[in-house]
Amino acid sequence: MSYMPTSAGSSDGGSAQGGAALHWLQAVVEHTPDFVYVFGLDNRLLYANDALLQMWGVARDAAIGQDFLGLGYEPWHARMHQREIDQVRSTREPVRGEVAFSGAHGRRQYDYIFVPILGADGAVEAVGGTTRDITDRREMEDRHAFRASLADALRPLSDPLEEIGRAHV
(Lines give C-alpha, C1' and ligand atoms only; values in the text may rest on other atoms or scores of the structure.)
Protein backbone atom coordinates (compact mmCIF):
# COMPACT_ATOMS: atom_id res chain seq x y z
CA MET A 1 0.00 0.00 0.00
CA SER A 2 1.36 3.43 -0.89
CA TYR A 3 -0.29 6.70 -0.05
CA MET A 4 0.75 10.29 -0.50
CA PRO A 5 -1.86 12.88 -1.31
CA THR A 6 -1.51 14.18 -4.85
CA SER A 7 -3.78 17.17 -4.60
CA ALA A 8 -4.44 20.01 -2.23
CA GLY A 9 -7.64 18.35 -1.11
CA SER A 10 -8.85 18.80 2.43
CA SER A 11 -7.82 16.38 5.12
CA ASP A 12 -9.93 17.81 7.94
CA GLY A 13 -13.51 17.58 6.84
CA GLY A 14 -13.61 20.35 4.26
CA SER A 15 -11.55 23.16 5.72
CA ALA A 16 -9.68 25.21 3.13
CA GLN A 17 -6.91 25.71 5.70
CA GLY A 18 -6.52 21.93 6.02
CA GLY A 19 -6.25 21.63 2.25
CA ALA A 20 -3.61 24.33 2.10
CA ALA A 21 -1.64 22.69 4.91
CA LEU A 22 -1.73 19.35 3.12
CA HIS A 23 -0.55 21.02 -0.09
CA TRP A 24 2.31 22.73 1.75
CA LEU A 25 3.35 19.51 3.46
CA GLN A 26 3.38 17.67 0.15
CA ALA A 27 5.51 20.41 -1.44
CA VAL A 28 8.05 20.28 1.38
CA VAL A 29 8.28 16.48 1.34
CA GLU A 30 8.70 16.28 -2.41
CA HIS A 31 11.17 19.15 -2.76
CA THR A 32 13.49 18.73 0.22
CA PRO A 33 16.91 17.25 -0.49
CA ASP A 34 16.41 15.12 2.64
CA PHE A 35 14.97 11.64 2.30
CA VAL A 36 11.43 11.07 3.58
CA TYR A 37 9.98 7.57 3.75
CA VAL A 38 7.53 5.18 5.38
CA PHE A 39 8.11 1.48 5.98
CA GLY A 40 5.48 -1.03 7.00
CA LEU A 41 6.01 -3.19 10.06
CA ASP A 42 6.99 -5.98 7.65
CA ASN A 43 9.99 -3.80 6.62
CA ARG A 44 8.54 -3.14 3.16
CA LEU A 45 8.60 0.34 1.66
CA LEU A 46 5.25 2.13 1.59
CA TYR A 47 6.43 5.59 0.53
CA ALA A 48 9.67 7.33 -0.53
CA ASN A 49 10.09 10.89 -1.72
CA ASP A 50 11.81 11.73 -5.01
CA ALA A 51 15.18 12.56 -3.38
CA LEU A 52 15.41 9.08 -1.88
CA LEU A 53 14.28 7.36 -5.07
CA GLN A 54 16.99 9.24 -6.97
CA MET A 55 19.66 8.23 -4.45
CA TRP A 56 18.57 4.59 -4.75
CA GLY A 57 18.44 4.97 -8.54
CA VAL A 58 15.01 3.33 -8.81
CA ALA A 59 11.54 4.34 -9.94
CA ARG A 60 8.76 4.65 -7.37
CA ASP A 61 6.83 1.68 -8.80
CA ALA A 62 9.91 -0.55 -8.56
CA ALA A 63 10.69 0.56 -4.98
CA ILE A 64 7.25 0.35 -3.34
CA GLY A 65 6.82 -2.99 -1.59
CA GLN A 66 10.55 -3.80 -1.50
CA ASP A 67 12.36 -4.62 1.72
CA PHE A 68 15.81 -3.25 2.54
CA LEU A 69 17.63 -6.03 0.69
CA GLY A 70 15.46 -5.44 -2.39
CA LEU A 71 16.40 -1.75 -2.22
CA GLY A 72 20.12 -2.55 -2.39
CA TYR A 73 21.12 -2.49 1.25
CA GLU A 74 23.95 -4.74 2.38
CA PRO A 75 22.69 -7.59 4.61
CA TRP A 76 24.16 -6.13 7.84
CA HIS A 77 22.58 -2.75 7.06
CA ALA A 78 19.19 -4.31 6.26
CA ARG A 79 19.24 -6.28 9.54
CA MET A 80 20.16 -3.12 11.48
CA HIS A 81 17.18 -1.19 10.10
CA GLN A 82 14.86 -4.17 10.58
CA ARG A 83 15.86 -4.26 14.28
CA GLU A 84 15.30 -0.50 14.53
CA ILE A 85 11.83 -0.77 13.01
CA ASP A 86 11.02 -3.53 15.52
CA GLN A 87 12.34 -1.29 18.30
CA VAL A 88 10.17 1.66 17.20
CA ARG A 89 7.15 -0.64 17.04
CA SER A 90 7.73 -2.09 20.52
CA THR A 91 8.81 1.11 22.33
CA ARG A 92 6.79 3.67 20.35
CA GLU A 93 9.91 5.86 20.61
CA PRO A 94 12.07 7.33 17.83
CA VAL A 95 15.39 5.72 16.92
CA ARG A 96 18.20 7.85 15.56
CA GLY A 97 21.53 6.90 14.03
CA GLU A 98 24.26 7.58 11.52
CA VAL A 99 25.35 5.23 8.79
CA ALA A 100 27.26 5.19 5.52
CA PHE A 101 25.46 4.07 2.35
CA SER A 102 26.55 3.70 -1.26
CA GLY A 103 23.96 4.88 -3.74
CA ALA A 104 23.70 6.85 -6.95
CA HIS A 105 25.69 9.70 -5.32
CA GLY A 106 28.56 7.42 -4.23
CA ARG A 107 29.39 6.51 -0.65
CA ARG A 108 27.87 9.11 1.68
CA GLN A 109 27.34 9.49 5.41
CA TYR A 110 23.74 9.88 6.62
CA ASP A 111 21.97 10.92 9.82
CA TYR A 112 18.51 9.38 10.12
CA ILE A 113 15.57 9.11 12.47
CA PHE A 114 12.78 6.51 12.49
CA VAL A 115 9.51 7.51 14.19
CA PRO A 116 6.30 5.62 14.95
CA ILE A 117 3.22 6.35 12.86
CA LEU A 118 0.22 5.66 15.05
CA GLY A 119 -3.17 4.49 13.87
CA ALA A 120 -6.53 5.72 15.18
CA ASP A 121 -6.38 3.03 17.88
CA GLY A 122 -2.96 4.28 19.08
CA ALA A 123 -1.07 1.25 17.81
CA VAL A 124 2.05 1.66 15.67
CA GLU A 125 0.93 0.95 12.11
CA ALA A 126 4.09 1.97 10.25
CA VAL A 127 7.48 3.59 10.76
CA GLY A 128 8.33 6.86 9.06
CA GLY A 129 11.58 8.66 8.88
CA THR A 130 13.83 11.27 7.46
CA THR A 131 17.48 11.05 6.49
CA ARG A 132 19.98 13.82 5.84
CA ASP A 133 23.26 13.58 3.96
CA ILE A 134 25.89 14.80 6.43
CA THR A 135 28.96 13.84 4.43
CA ASP A 136 30.18 17.37 3.73
CA ARG A 137 29.61 18.51 7.32
CA ARG A 138 31.33 15.40 8.72
CA GLU A 139 34.35 15.89 6.43
CA MET A 140 34.62 19.54 7.52
CA GLU A 141 34.41 18.52 11.20
CA ASP A 142 37.09 15.85 10.65
CA ARG A 143 39.41 18.38 8.93
CA HIS A 144 38.88 20.86 11.76
CA ALA A 145 39.60 18.21 14.42
CA PHE A 146 42.73 17.10 12.54
CA ARG A 147 44.01 20.68 12.29
CA ALA A 148 43.34 21.28 15.99
CA SER A 149 45.18 18.10 17.03
CA LEU A 150 48.06 18.93 14.68
CA ALA A 151 48.31 22.45 16.14
CA ASP A 152 48.35 20.97 19.66
CA ALA A 153 51.06 18.49 18.68
CA LEU A 154 53.20 21.20 17.04
CA ARG A 155 52.74 23.81 19.77
CA PRO A 156 55.80 22.66 21.80
CA LEU A 157 57.93 22.95 18.67
CA SER A 158 56.78 26.49 17.89
CA ASP A 159 59.23 28.12 20.33
CA PRO A 160 62.12 25.81 21.25
CA LEU A 161 63.77 28.48 23.43
CA GLU A 162 60.62 28.70 25.51
CA GLU A 163 60.77 24.92 26.07
CA ILE A 164 64.47 25.12 27.02
CA GLY A 165 63.71 27.92 29.47
CA ARG A 166 60.99 25.84 31.12
CA ALA A 167 63.35 22.90 31.46
CA HIS A 168 65.83 24.99 33.52
CA VAL A 169 63.30 26.48 35.92
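Analyst: The answers below set values against definitions. This is a predicted model, in which local features need pLDDT of at least 70, side-chain atom pairs count only at pLDDT 80 or more, and totals for chains, interfaces and linings use all residues. Residues are numbered from 1 along each chain as its sequence is written, and side-chain values use heavy atoms, with hydrogens and water left out.

User: Why is Asn49 called buried?

Analyst: Buried means under 20% relative accessible area, exposed over 50%, and partly exposed in between, with a 1.4 Å probe and protein chains only. Asn49 has a relative accessible area of 0%, so Asn49 is buried.

User: What does Asn49 touch, not counting residues up to four places away in sequence?

Analyst: A contact means heavy atoms within 4.5 Å. By that criterion Asn49 touches Val29, Glu30, Thr32, Asp34, Phe35, Val36 and Arg60.

User: Where is Asn49 found?

Analyst: Asn49 lies in the loop between strand 2 (45-48) and helix 2 (50-56). Helices (H or I, at least four residues) and strands (E, at least two) are DSSP runs, numbered from the N terminus.

User: Which residues are buried in helix 4, and what puts them on the same side?

Analyst: The buried residues in helix 4 are His77, Ala78, Met80, His81, Glu84, Ile85 and Val88. They cover an arc of only 160° around the axis, and therefore lie on the same side of helix 4. The arc is that of the directions from the helix axis to the C-beta atoms. The face turned away from the buried side of helix 4 carries the exposed residues Arg83 and Ser90.
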